[in-house]
Amino acid sequence: MIYNSGTGDKMRKSRLYLETSVWSLFFADDAPEKRDITKRFFDLVFRGIYEIFFSEVVIRELNNAQEPKRTEFAKLLKRCAPVRLEITDEIEDTANIYIERGAIPVNKPDDALHVSIATNYEMDVLVSWNYQHLVNLRKKEVLNGINLEIGYTKRLEIAT
């Protein structure tokens, strides 16, 4: 569960980077439990509870979907109006470090980019359904350790 952070009467919206699995599970008829949880999450997004972000990596991955899902993804993105984050040289460099140090497999460069984007833009949470490469305690600790070593002091939360 993702909570808003802040102090006093003024609560700041949590800044969430949604990687591709979150968008795609909105339409996952083959995984009804995860789909239903994802739709409940997006109900909160539609109500403005969270400030959400995405990147070109998400667009590229979603564009690989077959029609009519690709069109449905485009409609969902438009409805949510997430902030699009640019991929900089620093983001690419950080992603490469995750791969070089074995935190993310070499054959999963987009996963490394998702983590790097969320880290570089100081997101509160990277939201994902990717348990193998992102959402697990050991992986989160390794990634945050690397981040600390290379100068990122804000801890990145990774959650479903």
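Predicted model: local features only at pLDDT ≥ 70, side-chain atom pairs only at ≥ 80, totals over all residues.
Helix α6 covers residues 109–120. With twelve residues, α6 runs 16 Å from its first C-alpha to its last, close to the 16 Å expected at 1.5 Å a residue. Eleven of those twelve residues are buried, so the helix is largely enclosed by the rest of the structure. The buried set is made up of Asp-110, Asp-111, Ala-112, Leu-113, His-114, Val-115, Ser-116, Ile-117, Ala-118, Thr-119 and Asn-120. Just past the end of α6, Glu-122 adopts a positive phi of about 55 degrees.

Asp-110 is worth a quick look, being one of the buried residues of α6. Its relative accessibility comes out at 19%, and because the cut-off for buried is under 20%, Asp-110 counts as buried. Setting aside neighbours within four places in sequence, Asp-110 touches Val-57, Arg-60 and Glu-61.

Then there is the nonpolar side of things. In soluble globular proteins, nonpolar side chains tend to be buried together. Here, the largest nonpolar core holds 48 residues, and Tyr-17, Leu-18, Trp-23 and Phe-42 have the most contacts inside it. Helix α6 supplies the largest share of this core, with five residues.

Definitions and conventions:
Residues numbered from 1 in each chain as written. Heavy atoms only, no water. Helix = DSSP H or I, 4+ residues; strand = E, 2+ residues; numbered from the N terminus. Buried < 20%, exposed > 50% of the residue type's maximum accessible area, 1.4 Å probe, protein only. Contact = heavy atoms within 4.5 Å. Core = buried A, V, L, I, M, F, W, Y, C linked by side-chain atoms within 4.5 Å. Expected span 1.5 Å × (residues − 1).
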